[in-house]
Amino acid sequence: MSKSMLLVPVQEDELSQPLYVEGVHNPDELARASGVWIAAAGSAMLPTGVYNVCDTERWLWFAVENGLVQLENDEVSYTLRGGDCCMLPPATRGVTVTASQEARVLWMTVDGGLSSAFLQRMGALPSQLNLGRHIVQAIVRIAAAQDASSAQLQQLLWAMLASHSGQPVAMDAVLSHEIARVVDAMRKNQYRDSFSLAEMAS
């Protein structure tokens, strides 16, 4: 059974196991200097059940792609449906996620001195969910690469804020992935004049 750095089933069921795709980001110097960066991100397919949310000292952005979940602790309770999201401040304790039906969720933790101001400006739009999917893909790729650039994740993070302001940025996510591929290759002295479409998509 795969393990998650964020969601832990209260009761494990061998016949119905959650699926996780997650990654951790070690920001480069430029990302740290910006004051806000993605620390970790993931996607999960949750069967019906209850899951404990691991305590984190960072802001948590949590979204539901499809399905229905209840997010609660001793103080608050939120019902989230497909397309909904919420932000939990650092040091929020005792949170559980109850999936009353199979649900696909996205999440990311955001760190840095500007993280509070950043998260408080974000809302929930379909384009942000789309960017959230790209963030998960990018962070898994970056976590697997040596000396990878933080540029793509930074672009996607700020694109989420710009999207909330009505800027047409969501369609740029694929282009940002291609740019990051070239940047990473240059940093490793493996740059070529052209990359195939398959290489760009990997």
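Mentor: We may begin with burial: a residue is called buried when its relative accessible area is under 20%. Please keep in mind that this is a predicted model.

Trainee: Why is Ser4 called buried?

Mentor: The relative accessible area of Ser4 is 13%. The limit for buried is under 20%, so Ser4 is buried. Ser4 lies in the segment before β1.

Trainee: What makes the link between the side chains of Ser4 and Glu22 a polar contact?

Mentor: The two side chains are joined at 2.5 Å. Beyond its neighbours within four places in sequence, Ser4 is in contact with Tyr20 and Glu22.

Trainee: How do you know that strands β1 and β4 pair?

Mentor: Pairing needs at least two bridges. Strand β1 (residues 7-9) and strand β4 (residues 49-53) have three bridges in the antiparallel sense, so they pair. Within this pairing, Val8 has Asn52 as its bridge partner. On β9, Asn52 has the bridge partner Thr96.

Trainee: What makes β2 and β8 edge strands?

Mentor: The open sheet of five strands has the order β2-β3-β10-β5-β8, with antiparallel pairing. Strands β2 (19-24) and β8 (85-88) each pair on one side only. For β8, four bridges join it to β5, and Phe62 has Cys86 as its bridge partner in β8.

How values were computed. Residues numbered from 1 in each chain as written. Predicted model: local features only at pLDDT ≥ 70, side-chain atom pairs only at ≥ 80, totals over all residues. Heavy atoms only, no water. Helix = DSSP H or I, 4+ residues; strand = E, 2+ residues; numbered from the N terminus. Buried < 20%, exposed > 50% of the residue type's maximum accessible area, 1.4 Å probe, protein only. Polar contact = N/O pair within 3.5 Å; in protein donor to acceptor, adjacent residues only side chain to side chain. Contact = heavy atoms within 4.5 Å.
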